[in-house]
Amino acid sequence: MRRVYLDNNATTPVLPEVLEAMRPYFGEHFGNASSIHHHGQETRAAVERARESVAALLGCRPAEIVFTSGGTEADNLAIFGLVQPGDHIVTSTIEHHAVLNSCKHLQEKGIEVTYIPVDGRCLVDPDDVRRALRPNTRLVTVMMANNETGVLQPVNEIGKICAEADVYFHTDAVQATAKVPIRVNEIACDLLSISGHKIHAPQGVGALYVRKGTTLEPRFFGGSHERSRRAGTENVPGIVGLGKAAEQALKSLGNGHPSDVELGRLRDRLESEILRQVDSAGVNGAGAPRVPNTTNIYFDYIEGEALVIALDLKGLAVSTGAACSSGAIEPSHVLTAMGMGPDRARASLRFSLGKQTTAEDVDFAIQLVPASVARLRELSPLYNKSTAVHS
Amino acid sequence: MLNHNTIAVAMSGGVDSSTVAAMLRADGHNVIGLTMQLWNQRRLAGHAGMPETVTGRCCSLDDVYDARRVAETIGIPYYVVNHEDRFERDVVRPFVQEYLSGRTPIPCSLCNNHLKFDQLLTVAQQIGADAVATGHYARVGFDEPRGRWLLMRPSDRSKDQTYFLFGLTQEQLSRTLFPLGGMTKPEVRDLARKHGLALAEKPDSQEICFVPGGDYKNFLDAYLAEQGESLPDTAGELVTTDGRVIGEHSGIHNFTVGQRKGLGVATGSPLYVLQIKGDARQVIVGEQEHLYSSTLLTRRINLISVKELLEPMRVTVKIRHRHEPAPATIQRTGSDEIFVTFDDAQRAITPGQAAVFYDGDVVVGGGWIS
C-alpha cells in the first residue's frame, strides 16, 4: 500500500544526512563526552559542534544551549527551574500539555497561574499578557507556534512587554523551529524550547536556550553536565543528529529559500483543493499567521476520529489534534480555546507536511480526503438532516 | 461461512475476542481490530472506597495494551475509538437511575444495545467494514423460511451470553458475527495458544466493567459525589407483606429482590427482600415462600425470531443470566407489553432485569421486567 505521511507535527522522519552524521557515534566514536581520553575528546568535540549549530539556528551563543531529552524536558526545565513559591506565572490556554500540566502541577502546590485566552484565530493578545502581569509574576510562557493549528503567536511583542516589566519570558518553539526563522534577540525571550524529532532529528533529544545570566534550578542532579544545568551523560548520537538537523534547517530557512517557500505552496494547494471540493469545511486558524507546513481543517457532520482511521486504512496518515491526546475524550483544548463547539472540534483534522513531502503526496491526499469525507457524510444522520433542510 | 470483505473485530483484550481476531485473519479476511474506550478506569479511583488502581478490566490500560499486542502478533491494524460520552449517557447513568429507583439494572445489555452493536457498528461502517465480530458465546444466522436473522444459544451452554443480547435488531444481527458460537471455552483457549497469543491463559472478567470489585454501592457513592450530586435520601421503612412496619432502611438502592443479608432486623425466620417500592421508599420483606411468583410483566420488548407475537406462545424464559430457562407461556397484553406465565413459580423475579424468551436454542426475544 502506498503510504503518505502528513503528520509531521507529531514527528518527522530522520533525514538521511542526519542519520549519516549520527552513524559514527553508534560505531567507532562511542566515548563518553566527559571522558578525558581520546574517545571522550572526540565525542566532546562532536557535542560542541552540534551546540554551535543549534546556537546558529536560534541566533544565540553556544554556551546558552542546554541539551535535553526533548521538548517536554526543556519546557519542564524552564518552568520548574525558574519558578519559586509565591511566584505567579502567565501562560496561555493553547500551550502544549508539557507546559499546561507543569503549570497545573505548580498550581496544586500553591503557585498562581493565569491562563490567557485566545481569539477565534487562535491568537494571544499581547495586551492581555501585559494586563495579567503582577508584581510577583516570575515567568511568562507562551508558545511560538501552536502544534495543532500552526498559528504563530506574537512572541516579539510579548518579549518586549516582558523585558519592560523585567519578567522572564519562555517560549515553547518546538513547532516553530525549522519552519520559520528564530532569533532569540528579536523575540527577546529568556528561554526557548526546541525538540529534535520535530525537525528531522531523532526522538529523545532537544534543547533549551537559556539566556546568559538566567539562573535556573536544575531538575536533574548528578554530574555537572551542561554547565551544571542538566546532569546526565550526553546522548551523543542524538545531539549530533540534532546539530545536523539544525544545520539543514538553517540552510533552508529565511529569505524564502526555495524549499521553505515550496513547503508553504504545497500546504496551500492541499488546503485550497480540499476546501474547493468539500463543502461545510474550513480552516481553523484562518486569518492568522501560520507556520508554512500546517493546516487544521474542520469537516462538519462527521467524526474526526473515524475519518483519521478511514484515511489511515487507505494509506494517508494525519491526526486529530496533538498525538499525546489520542484516545482522550475531550475535544482539543486548543480548538475549544478558540471558541469552537465540541462537534466541530471533534470534526477537525490536522495535516502537517514535512521536508520530505512531495507534490505527489499532496495529490494523493487531495484525491483521498474529499471522497472519504463524502462517504462518512453519507453515513451521518446529521448531514442528511441538514442537507434536507436546505433543499 | 462469511462473505464479508472487511470485518471489524471488537477487541476487549480478553482471550475470546483476541481469538476471534486471529481466526478471522487466518481465514483470509480483511480484519481491523477495534477497542472501544468506554470508561476511564482511573476516573473514580480513590473516591469513596473505590480501589486506587484498576487493572485487568475492560478499558483499563492493560487491556488495551493486550489487545494491541494481539493485533500486532496477528498483523492487523488496530485502533482505539473513544465513546466514553455515549457509554456514560446510555449505560452508566441509567445504571445509577435504576438503582436509585429500586430496580436492579443490567448494564451489559444496555452496552450491547447502544455501544457494542450500535455505536461500534456505525464506526465499523464508517471505516469501511461490513460487519462486526465479537467474542460473545452465541450464534447468529439467517433463517430462510422465516426470512429473519436468528440469535441462538451457543454450543457451550455454560458460557451462553444470549441473555445480554436479546435487544439486538434484525439490522444489527445482519451485520454481526459470533465466530465462537460453536466452540467451548477450553477449545477457544486452545486455539489462542495455537495462534501464539500470549493471553491464552488470561482469566475471564465476569463483573460489570465499570464497577471494579463488584461493589456497586461504592460506585454509586463515588459517581454521584464526582458529579456533585448527593445520594438522594431514600431511607424508609421495612415492611412485611401484611403491611406491618418492622424496621428501617437507609436507602432503597442498597437492596435487590431476593436479598437476605443486610436487612438489619432479626426475626425468627430468615427474611428476604420481596419488593422495593421506590415511590413509597419501602422495602417489602417476607419469608422465602413469598419470593416465588409465577408471573411477570415485561416492557420495551424486542422480538427477534418472530416479527410479531399475535398469539400466546410456549417458550422457556430466563429471568437472569444465571438461571435455567423455565417453561412458560408468553402473550402480548399491550402495544409494548408481554405477560409471562410460568409453569412453575420462579424465585426472586427482579424488576430491572430482563426476561428473555427461548424457543429451544432460538432466542425469540425479550423485554425488561417491570
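Helices here are DSSP runs of H or I of at least four residues, strands are E runs of at least two, and both are numbered from the N terminus. This is a predicted model, in which local features need pLDDT of at least 70, side-chain atom pairs count only at pLDDT 80 or more, and totals for chains, interfaces and linings use all residues. Residues are numbered from 1 along each chain as its sequence is written, and chains are lettered from A in the order in which they are written.

Let's start with chain A. Helix H3 (residues 71–82) has 12 residues and spans 17 Å from its first C-alpha to its last, close to the expected 16 Å (1.5 Å times one less than the number of residues). Because 11 of its 12 residues are buried, H3(A) is largely enclosed by the rest of the structure; buried means 20 or more other C-beta atoms, placed from the backbone, within 10 Å of a residue's own. Its cover includes helix H4 (97–108) and strand S2 (65–68) of chain A.

Now for a helix pair in chain B. The axes (lines fitted to C-alpha atoms over the stretch in contact) of H1 and H2 come within 10 Å and cross at roughly 15 degrees. That makes H1(B) roughly parallel to H2(B), a word for angles under 35 degrees. Contact means C-beta atoms, placed from the backbone, within 7 Å.

| Helix of chain B | Residues | Residues that meet the other helix |
|---|---|---|
| H1(B) | 15–26 | B:Ser18, B:Ala21, B:Ala22, B:Arg25 |
| H2(B) | 61–74 | B:Ala67, B:Val70, B:Ala71, B:Ile74 |

Finally, the two chains meet: nine residues of chain A are in contact with 13 residues of chain B. Helix H11 (residues 304–313) of chain A gives the largest share of chain A's side, five residues.

Methods:
Axes fitted to C-alpha atoms, helices over the stretch in contact; angles between N-to-C directions. Parallel < 35°, antiparallel > 145°, perpendicular 65-115°, else oblique.
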